[in-house]
Amino acid sequence: MLTIRTDPGKLPPMTDAVPLLSPVHDRHVALGAKFASFGGWEMPLEYPGGGVIREHTAVRTGVGIFDVSHLGKARVRGAGAAAFVNSTLANDLDRIGPGQAQYTLCCEPATGGVVDDIIAYRYADDHVFLIPNAANTAEVVRRLAAAAPAGLTVTDEHTGHAIFAVQGPSSASVLAALGLPTEHDYMSFEPGTVEGVDLVVCRTGYTGEHGYELVVPAAGAGAVWDAVLAAGAAFDILPCGLGARDTLRTEMGYALHGQDLGPDITPVQGRVGWAVGWNKPEFWGREPLLAEKAAGPRRTLRGLEAVGRAIPRPHMTVYVGDEAIGEITSGTFSPTKKVGIALALLDTAAGLKDGDTVEVDIRGRRAEMKVVKPPFVTPSVR
């Protein structure tokens, strides 16, 4: 019999009036963080003393720690759990084994649009842990639970864990100082213990730098956060907010669900077809995605880099001459390149090649931008 459980952890239930708070919210308040709403959670946007640019630079050159506890957490357990997940989510979970993680997608069966993008942790054939986006966790759990065969348990553990991302060239040194594992391969995970708290160390991140994500029980989150900052002091670690996380991921050309991917933007359009197991016999959205891949998408996600001083923002219109050919989905100032950069969904029929120029309407004025292939900076994730 299918069971669906929720794990309320230590946090209050989310309502329209009361946002969810991280288990280490008090630490952010003490640090003077500026907060913003992310998927129903109140999370740090930036900290005083330099803000986004200083935090961004710390991750590119040293090390930073992000609280990303707003990310979802769900678990599928029971005989055949991995096979079930593999029959629903887009990527091929059989490409990885126990102790490895995989970027995957939950797609709309009828259209192939992206309901959410997810990191799947494969523990065993009967145990898969999922990290969806904050706002989509309940929907992903609902869909999995509705489709799960008898004997499988789909558990929403959203508030039961904290997640801390330790990212940057010095990230391994910080974790090694705590006795945590650091030598495992990219997209793999190992258990560890800090201050008596058992946790999971995964070689993942959203910044383009060498880094780790720590999945920590909510009750032990404060002790782990404090220990990482203490060990990182020798390496000038900085607490970093989600503002810097966004500029870092945009420089890498990483898609953000709700902007660069969504129910109306397919993996083919969003150029994440590499996360689709095209040869699998089944997954949600398989038929429409195969058809779109064969025919070619009507629009594709492209990178744009400003020729001048313009800073593009989401929803700005992109032109070739007088013809509107698409819009910006993500846009920002690149602290690394010191130039405006963007991801944009552009009409495939425009026939643009890397190096071609387009114009972006920025508050009524046209700004020239060059079509480029992301990432905008050289990745260092390995």
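Leu 130 counts as buried at 0% relative accessibility, where buried means under 20% relative accessible area, exposed over 50% and partly exposed in between, with a 1.4 Å probe and protein chains only. This residue is found in strand S9; helices (H or I, at least four residues) and strands (E, at least two) are DSSP runs, numbered from the N terminus. Leaving aside neighbours within four places in sequence, Leu 130 is in contact, meaning heavy atoms within 4.5 Å, with Gly 72, Lys 73, Ala 74, Val 76, Leu 89, Ile 118, Ile 119, Ala 120 and Leu 144. The C-alpha atoms of Leu 130 and Gln 102 are separated by 9.7 Å, although the two residues are 28 apart along the chain.

The model is a predicted one, in which local features need pLDDT of at least 70 and side-chain atom pairs count only at pLDDT 80 or more, while totals for chains, interfaces and linings use all residues. Residues are numbered from 1 along each chain as its sequence is written, and side-chain values use heavy atoms, with hydrogens and water left out.

Strand S9 (127-131) is also among the elements that cover the buried residues of helix H3, together with strand S6 (74-77), strand S8 (114-124) and helix H4 (137-147). Helix H3 itself (residues 81-88) is mostly covered, since seven of its eight residues are buried; they are Ala 81, Ala 82, Phe 84, Val 85, Asn 86, Ser 87 and Thr 88.

The protein chain is divided into domain 1 (20-66 + 160-250), domain 2 (74-156) and domain 3 (298-375), with bounds that come from an automatic or database domain assignment. Twelve residues from domain 1 and 14 residues from domain 2 take part in the contact between these two, and their centres, taken over C-alpha atoms, are separated by 25 Å.

Not counting residues up to four places away in sequence, Val 360 touches Leu 304, Met 316, Thr 317, Val 318, Ile 328, Arg 365, Arg 366, Ala 367 and Met 369. Val 360 and Val 320 are 40 residues apart in sequence, and 9.0 Å apart in space from C-alpha to C-alpha.

The backbone geometry also deserves attention. Most residues other than glycine have a negative phi, and most peptide bonds are trans. Met 187, which is not a glycine, has a positive phi of about 65°; Met 187 is placed in the loop between helix H5 (171-177) and strand S12 (189-194) and counts as buried at 17% relative accessibility. Glu 195, also not a glycine, has a positive phi of about 50°, and its place is in the loop between S12 and strand S13 (197-202), but at 63% relative accessibility Glu 195 counts as exposed. A cis peptide bond, with omega of about 5°, joins Pro 374 and Pro 375, and Pro 375 is placed in the segment after strand S21 (365-372).

Turning to the whole chain, there are eight helices and 21 strands. The radius of gyration is 21 Å, close to the 21 Å that the globule rule gives for 382 residues, so the chain is as compact as a globular protein of that length; this radius is taken over C-alpha atoms, and the rule is 2.2 Å times the number of residues to the power 0.38. Of the 382 residues, 57% count as buried.
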